[in-house]
Amino acid sequence: MNEHFFSDMSVMLGRSMRHIMRSMDTIITVCITPIAMLLLFVYVLGGAIQAGTDNYVNYLLPGILLMAIASGISYTAYRLFQDKQRGIIERFHSMPIARSAVLWGHVLTSLVSNALSVVVIILVALIMGFRSSAGILEWLAVAGILMLFTLALTWVAAIAGLAANSMEGATAFSYPLIFLPFISSAFVPTESMPAVVRAFAENQPVTSIVEAIRALLSTQPVGDEIWVALAWCLGILVVAYFFAVRAYKKGN
Amino acid sequence: MDKAIEVKGLRKCYKDTEVLKGVDFEVKRGEIFALLGANGAGKTTIVRILATLLKQDGGTAAVHGFDVASEPEKVRQAISLTGQFAAVDEILTGRENLVMIAKLRHLPNPRAVADELLNRFGLNDAANRKASTYSGGMRRRLDIAMSLIGSPQLIFLDEPTTGLDPEARIETWKLVKGLADGGTTVFLTTQYLDEAEQLADQIAILHKGTIIANGTLEELKKLFPPAKKEYVEKQPSLEEIFLAIIGYKEGA
């Protein structure tokens, strides 16, 4: 590993964090939209939804956090694609720096910015009546799962950003990801769904991740859900990392 | 050792198309070397190989005695690349762009480096504006200023004036001359004959994948029959008329 890897990466991090803070569009999409969804589902639709819980904000929050992350990582693809398109990556690569720092800078930015939007959304949820009995350990576990989820999807985004030929192609992959929580137990229990939809909902990653986080936040036994959730995240992470690094090296 | 670049039998294919079919040339230290060729002749491919961004399929290329394929790290220490499309970060300001590159070159005082270059390149007034608001000429100036950070001994300028208006073009020429006067070796590619004529100590013409002529302007002129003296009324070129009307003074 290059001796300057960490200092180079922190320069990259500072650069893309500036990009985020200067882009109203990014802030609206990754923070305001999930908060609007939260408001919509709790105050407009929530009254008619039978989730079998007296606090729908508690029920809803994990799914909203995953949606926020799924829309947040599409900007990683966007930024990577732009850097590639505008010759910025070539400029960096012709300099005596740690080459991998360019890619890792984007990944780290994704982790930091998504963590920020998650914190903001949780604060809004608290105002809306979200309450948790979780202690430090449970919160750490929740943070760990969310980070792993972010990391896994970020590497998926990296593949899209590096391999795409157009901006639409670079960001389109995230739409199904943002939509995935709807067909899961994020908004309503899966028991109410028709058999086929229910089978899909119960066996896709979002449900297990949502259930694991929900259990941790309400200090219920997490059961097997947490292992299924971790397996999904790690599996996606490893496969996506492999293909992203391959796409990155191919581009050089 | 007085050779900045030594290229022997360089070959490169993209899929089935052979772009470089055995290219040979040398560049002496401290000179301005112009690689002249039509669009698609392979100029950028040569630059990318020399800047360690692309691997050749055959032949050798050495920069300052270091082989580009086996010692890319050492090559990157010696060079700087200014790509075809000014690769500046549009969301950052001019100053932030310069500070970023100075940090990536691990220089002790990035802010002082940035201030000095902003001064030298007449970008002081625009220093705190986003690069996206810059004119074509200003972008190119910022781009070249970024390339000078860390005092590389050899600078690649890939079509530095393509897409620039006549004023910005002359401005860029002055910059390039200034670089060479300071002892930097300049490797530039261009499709404009007058650009090579104005700037270069040594000119190589790349055509259909090989160098078909190489020498000083004087040497190249000797390849043609001696000039016949004929008296004609000199008509100003449109460029001269344009510059006269807008009141641009060369050397101003």
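**Close-up views of a predicted two-chain model**

**View 1. Packing of helix H5 against helix H6 in chain B.** In this predicted model, helix H5 (residues 136-148) of chain B packs with helix H6 (residues 166-181) of chain B at an angle of about 15°, their axes lying 9 Å apart (axes are lines fitted to C-alpha atoms, for helices over the stretch in contact, and angles run from 0 to 180 degrees between N-to-C directions; helices are DSSP runs of H or I with at least four residues, numbered from the N terminus). H5(B) is therefore roughly parallel to H6(B), a term for angles under 35 degrees.

**View 2. Residues between H5(B) and H6(B).** From H5(B) the contact draws on Gly136(B), Gly137(B), Arg140(B) and Ile144(B), and from H6(B) on Glu167(B), Ala168(B), Glu171(B), Thr172(B) and Leu175(B), where contact requires C-beta atoms, placed from the backbone, within 7 Å.

**View 3. The side of chain A that touches chain B.** The contact takes 18 residues from chain A and 19 residues from chain B. Helix H1 (5-21) and helix H4 (88-93) of chain A are the elements giving two or more residues to the chain A side, and H1(A) gives the most, with five residues.

**View 4. Domains of chain B.** Chain B is divided into domain 1 (3-88 + 152-245) and domain 2 (89-133), with bounds from an automatic or database domain assignment. The centres of these two domains, taken over C-alpha atoms, are separated by 27 Å.

Residues are numbered from 1 along each chain as its sequence is written, while chains are lettered from A and ligands numbered from 1 in the order in which they are written. Because the model is predicted, local features need pLDDT of at least 70 and side-chain atom pairs count only at pLDDT 80 or more, whereas totals for chains, interfaces and linings use all residues.

How values were computed:
Two residues are in contact if their C-beta atoms, placed from the backbone, lie within 7 Å. Angles under 35 degrees count as roughly parallel, over 145 as roughly antiparallel, 65 to 115 as roughly perpendicular and the rest as oblique.
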